[in-house]
Amino acid sequence: RQESSTTLARHADAHRAELAERESTFLNERERLQQELVAAQEEAASNARMQADAIRRLQDESLQLKRSIAEANDATARLESNLANVRDEAASKLRDSDGQRRSLAEEVERLKAALSLSKAETKKAKKVARDMLNQQKAQVTQLLEEHSSSIFGRMKSVLSAENSDDED
């Protein structure tokens, strides 16, 4: 009877030691997972700040490109107005003399060429601006997707590890 009691005590001690070891392992693992979660949250906050900065920069660049396009449009409008004025002036002077008519026709052609060039440059600037904005939007979208995917993957891993530890 005493042997049976001693055997039971040894089994109980061994069981307690095993439980204490499991609890220690669980606590260590929980602490490690909590540290990983904190690190993932800090990284997410840092990424969010970087993304906000990138978005602000894109907005600033977009505003500057819009201003440039507006300036180009204004210059084109001034050239069109000048061309109309020259045409009107040319029409009145054409009646006065043949020599003046040739000179004014050349001026009109020069202004037409300048207007055509300005329109082409404006169109090119608009296309470049649109392409840059689309490229930058795509880069920000890709950056957001990469960071979000990375962060959600880590958080899922941490939560999955916590759930499996809870089941133990």
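1. Helices (H or I, at least four residues) and strands (E, at least two) are taken as DSSP runs, numbered from the N terminus. On that basis, Gln 51 lies in helix α1. This is a predicted model, in which local features need pLDDT of at least 70 and side-chain atom pairs count only at pLDDT 80 or more, whereas totals for chains, interfaces and linings use all residues. Residues are numbered from 1 along each chain as its sequence is written, and side-chain values use heavy atoms, with hydrogens and water left out.

2. Is Gln 51 buried or exposed? Gln 51 counts as buried because its relative accessibility is 13%; buried means under 20% relative accessible area, exposed over 50%, and partly exposed in between (1.4 Å probe, protein chains only). With neighbours within four places in sequence left aside, Gln 51 is in contact (heavy atoms within 4.5 Å) with Leu 143, Leu 144 and His 147.

3. In soluble globular proteins, nonpolar side chains tend to be buried together. For Leu 104, the contacts beyond four places in sequence are Glu 89, Ala 90 and Lys 93.

4. How many salt bridges does the structure hold? There are 9, a salt bridge being a side-chain nitrogen of Lys or Arg within 4 Å of a carboxyl oxygen of Asp or Glu. One of them joins Asp 13 to Arg 16, with the closest N and O atoms 2.6 Å apart. These two residues are 3 residues apart in helix α1, so about one helical turn separates them. Asp 13 is partly exposed at 46% relative accessible area, while Arg 16, at 52%, counts as exposed.

5. In helix α2, Glu 109 and Lys 112 are 3 residues apart, about one turn of the helix, and their side chains meet in a salt bridge of 3.6 Å, N to O. Glu 109 is partly exposed at 47%, as is Lys 112 at 35%.

6. A further salt bridge links Lys 127 with Asp 131, the closest N and O atoms being 2.8 Å apart. Because Lys 127 and Asp 131 are 4 residues apart in helix α2, about one helical turn separates them.
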